[in-house]
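Keep the sequence and the model side by side.

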Amino acid sequence: RPIGDAVDVIIDAWHRERPDLDPSAKAVTGRIVRLGSLFQQAYDDAFADLALPAGHYGVLVALRRAGAPYERTPTDLARSRMMTSGGMTAVLDRLERGGLVARRPNPDDRRGSLVGLTPEGLALVEAAMAVHTEVEHRLVAGLDPDERDHLVTLLRKLLASLEP
């Protein structure tokens, strides 16, 4: 068979070097990992013009998805971003210093706070969402609609089998 991509090269090398191992799962996992890296680089490049680190985008867009008034607790944000509370605190501190989010006491929990988008944060995330959508469409342009639907079905099945 012809060599198609870097993952094929790796699999062929493992067949040669360790014929006792079955590297066939790498045909899926290797490509998913490589695609994740390529996707992240594309997002980072696209957000560079907005001076928006991708990790910050994830928090801002989670607030935007919450709907008006675009607020969530830091714990909810950390959970949705699969981050530690300490990591989330650091990101929120940077976003707050940049004027993109504001913290206020949570009226439903005296010990807690709510994080919300500022008008500047809302404007930035609206622009970033448009850029992100354009990048996503560019990234999947190599597949026709039927191929995308089939891939979505397979990826959903795989993800559902792994998520708790």
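The buried residues of helix α6 pack against α2, α3 and β3 (109–117). Buried means under 20% relative accessible area, exposed over 50%, and partly exposed in between, with a 1.4 Å probe and protein chains only. Helices (H or I, at least four residues) and strands (E, at least two) are DSSP runs, numbered from the N terminus. This is a predicted model: local features need pLDDT of at least 70, side-chain atom pairs count only at pLDDT 80 or more, and totals for chains, interfaces and linings use all residues. Residues are numbered from 1 along each chain as its sequence is written, and side-chain values use heavy atoms, with hydrogens and water left out.

Which residues of α6 are buried? They are G121, L124, V125, A128, H132 and V135. Seen down the axis of α6, these buried residues fall within an arc of 95°, so they line one face of the helix. The arc is taken from the directions from the helix axis to the C-beta atoms. An α-helix has 3.6 residues a turn, so residues three or four places apart point the same way. The face of α6 turned away from the buried side carries the exposed residues P119 and E134. The length of α6 (residues 119–139) agrees too: its 21 residues should span 30 Å at 1.5 Å a residue, and its end C-alpha atoms are 30 Å apart. The expected span is 1.5 Å times one less than the number of residues.

Now the core. The largest nonpolar core has 27 residues, and L60 and L77 have the most contacts inside it. Such a core is a set of buried Ala, Val, Leu, Ile, Met, Phe, Trp, Tyr and Cys residues joined through side-chain atoms within 4.5 Å. Two or more residues each come from α2, α3, α4 (74–81), α5 (85–97), β3 and α6. Helix α3 gives the most, with seven residues. L60 touches L52, L95, L100, V101, L117, L124 and V125, not counting residues up to four places away in sequence. Contact means heavy atoms within 4.5 Å.

Strand β2 (residues 101–106) holds N106. N106 is buried, with a relative accessible area of 10%. Leaving aside neighbours within four places in sequence, N106 is in contact with T73, G112, S113 and L114.
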